[in-house]
Amino acid sequence: MQKSLALAALVLMLYLLCFHRLGARELWSSHEARAAQEAQTILEGADWRLPRLFDGRLELQKPPLYYWLTALLAKVWGQVDEVSVRLPAVLGFLFTGLAVFTLLWQQGLQRAAWLGMIALWTMLHFTWMSRVGRIDMPLTAACSWCIVSMVLGSQRSGWASTGWLLAGYLCLAAGLMLKGPIAAVLC
């Protein structure tokens, strides 16, 4: 019963932090507007490899992974709107907390895993950044998982090591596709 209540409290907390009124305010930063434009052009049949703005100009300011994620989530969501533009950031928020949890749990620190994840998720600026459609949160998640995977891979042997190291390299590749070389520097 206690575990069920704790899980319900965690789900309620995440709903309030991440999803409650996520689409209540319009797209107001240039990052959100650019993500919406590029996702819409991808869904309308433009070349997905090189996203474009509404006027047809190539958008080469950032690597395309965030825009691909936005387009994919918009396709699932049914439209490009405030929610679909911000969902990649929300997912980055959630996956970063899970990275902290996984690292501590795998070290045998179960209580610290729960506390660390919840502490991270309830930090004001971290939560705010998850509600803005920017590359920062997915990049944080990719770099966090890269580091966690490399640490855990170095502590294992055999196939377990190979699996964690492969996951780390894939997360590094995702970071590079989100923001460019800074991902390698951060990792």
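Is Arg 111 buried or exposed? Arg 111 counts as exposed, at 70% relative accessibility. By exposed I mean over 50% relative accessible area, buried is under 20%, and partly exposed lies in between, with a 1.4 Å probe and protein chains only.

Hello everyone, and a quick word on the ground rules. This is a predicted model, so local features need pLDDT of at least 70 and side-chain atom pairs count only at pLDDT 80 or more, while totals for chains, interfaces and linings use all residues. Residues are numbered from 1 along each chain as its sequence is written, and side-chain values use heavy atoms, with hydrogens and water left out.

Let's take the overall picture. The protein chain has nine helices and zero strands. Here helices are DSSP runs of H or I with at least four residues, strands are runs of E with at least two, and numbering starts from the N terminus. For 187 residues, a compact globule would have a radius of gyration near 16 Å, and the 18 Å of the protein chain agrees with that. That radius is taken over C-alpha atoms, and the globule rule is 2.2 Å times the number of residues to the power 0.38. The C-alpha trace spans about 55 × 40 × 25 Å along its principal axes.

How much of the protein chain is buried? Of its 187 residues, 41% count as buried. As for contacts, meaning heavy atoms within 4.5 Å, look at those between residues at least 6 apart in sequence: 64% of them join residues at least 24 apart.

Back to Arg 111, which sits in helix H5, residues 110-121. Its C-alpha lies 9.6 Å from that of Phe 101, ten residues away in sequence.

For a contrast, turn to Thr 70 in helix H3, residues 65-77. Thr 70 is buried, with a relative accessible area of 0%. Which residues does Thr 70 contact, leaving aside neighbours within four places in sequence? They are Ala 35, Ala 39, Ser 84, Val 85 and Pro 88.

Pro 64 is in the loop between helix H2, residues 30-43, and H3. Pro 64 also counts as buried, at 12% relative accessibility. Not counting residues up to four places away in sequence, Pro 64 touches Arg 49, Pro 51 and Met 177. With Met 177, the separation is 113 residues in sequence and 6.4 Å in space, C-alpha to C-alpha.

Now to the cysteines, for anyone planning to ask. A disulfide is a covalent bond between the sulfur atoms of two cysteines. In this analysis, a disulfide is a pair of cysteine sulfur atoms within 2.5 Å, and a search of the whole structure finds zero. Cys 18 is buried, with a relative accessible area of 0%. The sulfur of Cys 171 has its closest cysteine sulfur in Cys 146, at 6.5 Å, which is again too far for a bond. Cys 171 counts as buried too, at 19% relative accessibility.

One last stop is Arg 21, in the loop between helix H1, residues 2-19, and H2. Its phi is near 60 degrees, a positive value in a residue other than glycine. Most residues other than glycine have a negative phi. At 59% relative accessibility, Arg 21 counts as exposed.
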